[in-house]
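Keep the view open as you read.

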Amino acid sequence: MDYRHELKFLVSDAELELIRYRLKPLMRQDIHQKEGGYAVRSLYFDDFHDSCMQENENGIDNRRKYRIRIYDGDDTVIKLEKKMKYRGMTRKVSKAISREECLSYMSGCAPRLSEGSTELEKELYTEIKMSGMHPVTVVEYERTAFVEPRGNVRITFDRNISGSEYLEHFLDRKLCTVPLLPRGNHVLEVKYDELLPEYIAQVLELGTLSRTAFSKYYYSRNYKHN
């Protein structure tokens, strides 16, 4: 997958509901989600120098993050991911991993490499061994996703964004978390390839939205440090 545009907006309940109402007849909901959406939980990594945290803080454009992700608290599908940002655009690579591999990463260790190991796994293995890459925070939220094949557009509503420092409970069905945004504040994300179709851009034009560089990872880490 090539790099894609990614726009983020902080939105209120009312703004989110209006956009949802406008999008419903124009875009279809992601076929993988249940009625009303799904829960996303991510375990983020950083090195001994908190490089990812510092890059976020300093607004460095060329950066990457490693994370492990599950959905709806279900550990039967676990994904290891690397998200990269370059010149305001993003790209993601992922690999399904086993529960045993996930537990190994959670403990700060790298699972043993094999002939079938992917570049992503090899890269993170090196980062763990050389830079001390290890789990640092958990982020959880409720997501509703709309998709449109033209322009490969994906619009997501991320509600009730929360963080947790209980890293060892990442795979638990329920996790103790704290809100990262004031009540009624959420994040709207718009992802597309080269061009955002005009009719979708018009739906998003409320006259009140302003772009943000909001990072769920950074907010969760920042909360822990205060």
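This is a predicted model: local features need pLDDT of at least 70, side-chain atom pairs count only at pLDDT 80 or more; totals for chains, interfaces and linings use all residues.

## Cysteines on their own

Start with the sulfurs. The whole structure has zero disulfides. C52 isn't in one, and its nearest cysteine sulfur, that of C102, is 18 Å away.

Now for the charges. A search of the whole structure turns up 22 salt bridges. One of them joins K191 and E6, at 3.9 Å from N to O. K191 sits in strand β10 and E6 in strand β1, so this pair links distant parts of the chain, 185 residues apart. Both ends are buried: K191 at 13% relative accessibility and E6 at 11%.

R67 and E81 make another salt bridge, 2.7 Å from N to O. R67 belongs to strand β4 and E81 to strand β5, so the pair ties together parts 14 residues apart in sequence. R67 is buried at 7%, and E81 is buried at 1%.

## A strand, a helix and a network

D158 pairs with K216, their closest N and O atoms 3.0 Å apart. With D158 in strand β8 and K216 in helix α6, the bridge ties together parts 58 residues apart in sequence. D158 is buried at 0% relative accessible area, and K216 is buried at 7%.

A network of salt bridges links E6, K8, K83, R143, D158, E189, K191 and K216.

Definitions and conventions
Residues are numbered from 1 along each chain as its sequence is written. Side-chain values use heavy atoms; hydrogens and water are left out. A disulfide is a pair of cysteine sulfur atoms within 2.5 Å. A salt bridge is a side-chain nitrogen of Lys or Arg within 4 Å of a carboxyl oxygen of Asp or Glu. Helices (H or I, at least four residues) and strands (E, at least two) are DSSP runs, numbered from the N terminus. Buried means under 20% relative accessible area, exposed over 50%, partly exposed in between (1.4 Å probe, protein chains only).
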